[in-house]
Amino acid sequence: MNKDDYKKFIGKRIRESREQLKLTREQLSELCDIEPSFLSAVENGQKSMTLYYFKKICVALHISADYILGIETENNNDTSLLMKYISNMNEEDFKCTENIIIELVKHFNK
């Protein structure tokens, strides 16, 4: 895999992980303190990121660096159980839960 293909691979893994958590690009950008346009460029394989932001993205997505880098083939995060619980919430409860989770992640990422 060449360098450009690898950037696209990493970006795809980040985007899929973000979408699995039902986070918008703007929400993940806020959690990681990066610009949404930069995150978009990373997800589309147009830009690389520093290890600092790579770690922030992994932490915010609750996913291993090994998965993002392609060392692990399975996304072994524990979000599937959480997703099961929140997928049946009404929109108001979901939005409230989402805001709580975002604030918790911000707190733990400091």
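## Contacts and the overall fold

Two residues are in contact when they have heavy atoms within 4.5 Å of each other. Among contacts in this chain between residues at least 6 apart in sequence, 59% join residues at least 24 apart. The model is predicted, so to speak of local features pLDDT must be at least 70, side-chain atom pairs count only at pLDDT 80 or more, and totals for chains, interfaces and linings use all residues. Residues are numbered from 1 along each chain as its sequence is written, and side-chain values use heavy atoms, leaving out hydrogens and water.

The chain has 7 helices and 0 strands (DSSP runs numbered from the N terminus: H or I of at least four residues for helices, E of at least two for strands).

## Where H2 meets H3

Let's look at helix H2 (residues 25–32) and helix H3 (residues 36–43): their axes, lines fitted to C-alpha atoms over the stretch in contact, come within 9 Å and cross at roughly 110°, on a scale from 0 to 180 degrees between N-to-C directions. That makes H2 roughly perpendicular to H3, a label for angles of 65 to 115 degrees. On the H2 side are Arg25, Glu26, Leu28 and Ser29, which meet Pro36, Leu39, Ser40 and Glu43 in H3.

## Around H4

Buried residues (under 20% relative accessible area, with a 1.4 Å probe and protein chains only) make up 35% of the 110 residues in the chain. In helix H4 (residues 51–61), they are Phe54, Lys56, Ile57, Cys58, Ala60 and Leu61. Their cover includes H2 and H3, along with helix H1 (3–20), helix H5 (65–69) and helix H7 (91–108). Just after H4, histidine 62 takes a positive phi of about 55°.

Definitions and conventions. Angles under 35 degrees count as roughly parallel, over 145 as roughly antiparallel, 65 to 115 as roughly perpendicular and the rest as oblique. Buried means under 20% relative accessible area, exposed over 50%, partly exposed in between (1.4 Å probe, protein chains only).
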